[in-house]
Amino acid sequence: MATQMFEGRGHAAVYQKYRFAPGKELQQTILGYLQEKRANPAELVVDVGCGSGQGTRFLAEHFKKVVGTDISEAQIQEARDEASMPNVSYLVCPAEELPFEDASVDLLTSFTAAHWFDIEKFMREANRVVKPGGCIVLSTYTVDMSVRYGNCSEKLTKVFRENWDLILKYAHNRIKHVKDDYKEIFEALPFPDKKRVTNIFDKIPMTVADVVGYMESASPYQTFMKNDPEAAKSLLQETEKRMLETMGVSSRETPVEFYVRHVCVLACKGR
Ligand SMILES: C[S@@+](CC[C@H](N)C(=O)[O-])C[C@H]1O[C@@H](n2cnc3c(N)ncnc32)[C@H](O)[C@@H]1O
């Protein structure tokens, strides 16, 4: 079964504000793979579960026509409201029923979303729409982030992780796919020519406010908010306070480096 999260207008707005685009290392992994498979330049790229378009806008810089799709109208509205290139468009539809002809898509991507789909139905649909010689790329960042600042990075990461772990207690069962580094999703990929890369590290420039905003944008935090709004809000306040104390600064706009690890599964359909 597909799992619907990220639906509300409020969540979509927080999402748009705080979710980052694929970092340079992930971008290079994807573009390098497509070159290796001679799948570049692709004519039609479909970014499934595009949310507010973080990955879709990166794709638009490299490919002729990019369509972002998402089950959430609120997310697609946020994506449409953002400035983007003329070769990008957006559609509301489930990942398991893509409105594209058989063998019409050169590249099908999904960033930090495939674990929410009905995996079996989505893989069937991906197999149907991707052209022979076309590719599927599914990535996610994992939950083991670190935060770096001056000489207190270790302490700062500890503060972040302690609070992040409290939020992750509200994680949906689907996060098991992220925790197993997309192993099950990799195994379900329908093309024999496939690989899984689990050690892609990207440095995302943020501020303390952005890190706290990122925590707020996470689906487990939204569940926490529904269960216990007071505790959820005070957790974010407490995280911010402890981060600033650890860093010895007073401004929440102080820059930090947020390190994420990506997992990426890549596959190419035989010609
Ligand atoms: C964690 S967000 C990722 C958004 C964006 N790709 C990014 O990189 O930040 C997951 C997205 O998947 C969408 N989603 C969840 N289940 C879906 C489904 N069955 N079909 C299409 N989109 C789905 C959600 O609405 C949400 O926008």
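When I say polar contact, I mean a pair of N or O atoms within 3.5 Å. By that rule, a side-chain N or O atom of Asp70 sits 2.6 Å from an oxygen atom of the ligand. Before I go on: this is a predicted model, so bear in mind that local features need pLDDT of at least 70, side-chain atom pairs count only at pLDDT 80 or more, and totals for chains, interfaces and linings use all residues. Residues are numbered from 1 along each chain as its sequence is written, and side-chain values use heavy atoms, with hydrogens and water left out.

Back to the ligand. Backbone N or O atoms also reach its nitrogen atoms: Phe111 at 2.8 Å and Ile71 at 3.2 Å. How much of the ligand's 600 Å² of accessible area does the protein cover? It's 99% (Shrake-Rupley, 1.4 Å probe).

Now the cores. By nonpolar core I mean buried Ala, Val, Leu, Ile, Met, Phe, Trp, Tyr and Cys residues joined through side-chain atoms within 4.5 Å, where buried is under 20% relative accessible area (1.4 Å probe, protein chains only). The largest one has 32 residues, and Leu108 and Leu138 touch the most other members. Its largest share, five residues, comes from α5, helices being DSSP runs of H or I, at least four residues, numbered from the N terminus. Leu108 touches, among others, Val46, Phe122 and Ile136 (heavy atoms within 4.5 Å, skipping residues up to four places away in sequence).

Note on methods: Polar contact = N/O pair within 3.5 Å; in protein donor to acceptor, adjacent residues only side chain to side chain. Buried < 20%, exposed > 50% of the residue type's maximum accessible area, 1.4 Å probe, protein only. Helix = DSSP H or I, 4+ residues; strand = E, 2+ residues; numbered from the N terminus.
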